[in-house]
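Student: I have a new model open and would like to learn how to read it, feature by feature. Where shall we begin?
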Amino acid sequence: QVQLVESGGGLVQAGGSLRLSCAASGRAFSMYDLGWFRQAPGKERESVASISWRGGSDYYTDSVKARFTISRDNAKKTVYLQMNSLKPDDTAVYYCAAKGRYESNWNNWGKGTLVTVSS
């Protein structure tokens with residue numbers, strides 16, 4: 001089990017950038033796949049990006065490709081989401097998640113951080 005705490009959300013104008021951070025506590029951080037999800041008002045939660053425990057095999061949903069970058073720093077037990085060229089449609093609560101490298105389900109979640117993009 002890992003405990004996850006997101007930070008870095010806020011209000012930004014369209015076209016701007018934000019970097020989200022997710023700090024983890026617990027053991028064996030390097031053995032976890034990590035992901036960022038988001039939930040906009042009135043919509044279901046969606047997967048935004050993920051990175052494998054080995055640091056490769058990055059995944060991005062189509063709407064954020066070439067704009068968002070996920071990365072991890074195992075020494076700091078932190079995963080990041082660099083978000084550039086933000087759009088109003090990116091407005092959502094962003095959640096960090098983790099799962100063991102052999103697990104199927106994302107079973108460790110942070111409480112989320114709100115990102116609001118104004119037009």
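Predicted model: local features only at pLDDT ≥ 70, side-chain atom pairs only at ≥ 80, totals over all residues.

Student: Now the sheets, please. How should I think about strand pairing?

Tutor: Strands of a sheet pair through backbone hydrogen bonds, in either a parallel or an antiparallel way. Here, an open sheet of 4 strands runs in the order β1-β3-β8-β7, and its pairing is antiparallel.

Student: Why is one side of β1 and of β7 left without a neighbour in the sheet?

Tutor: β1 and β7 are at the edges and each has a single partner strand, so one side of each lacks a neighbour in the sheet. From one strand to the next, the twist averages 15 degrees.

Student: How many bridges join β1 and β3?

Tutor: The antiparallel pairing of β1 and β3 extends over 6 bridges. To find your place on screen, look for S7, which stands opposite S21 in β3.

Student: I also noticed N108. Is this residue buried or exposed?

Tutor: N108 is buried: its relative accessible area is 3%, which means it falls under the 20% cut-off for buried residues. This residue lies in strand β10 (residues 108–109).

Student: What does the side chain of N108 reach?

Tutor: The N108 side chain reaches the backbone nitrogen of V2 at 3.3 Å. Not counting residues up to four places away in sequence, N108 touches Q1, V2, L4, Y32, C96, A97 and A98.

Student: Let's step back to the whole chain. How many helices and strands does the chain have?

Tutor: The chain has 0 helices and 11 strands. Of its 119 residues, 43% count as buried.

Student: And what about its overall dimensions?

Tutor: A compact globule of 119 residues would have a radius of gyration near 14 Å, and the 13 Å of the chain agrees with that. The C-alpha trace spans about 40 × 25 × 25 Å along its principal axes.

Student: How do I read contacts along the sequence?

Tutor: Take the contacts in the chain with a separation of 6 or more: residues 24 or more positions apart account for 56% of them.

How values were computed:
Residues numbered from 1 in each chain as written. Heavy atoms only, no water. Pairing = 2+ DSSP bridges. Helix = DSSP H or I, 4+ residues; strand = E, 2+ residues; numbered from the N terminus. Axes fitted to C-alpha atoms, helices over the stretch in contact; angles between N-to-C directions. Buried < 20%, exposed > 50% of the residue type's maximum accessible area, 1.4 Å probe, protein only. Polar contact = N/O pair within 3.5 Å; in protein donor to acceptor, adjacent residues only side chain to side chain. Contact = heavy atoms within 4.5 Å. Rg over C-alpha atoms; globule rule 2.2 N^0.38 Å.
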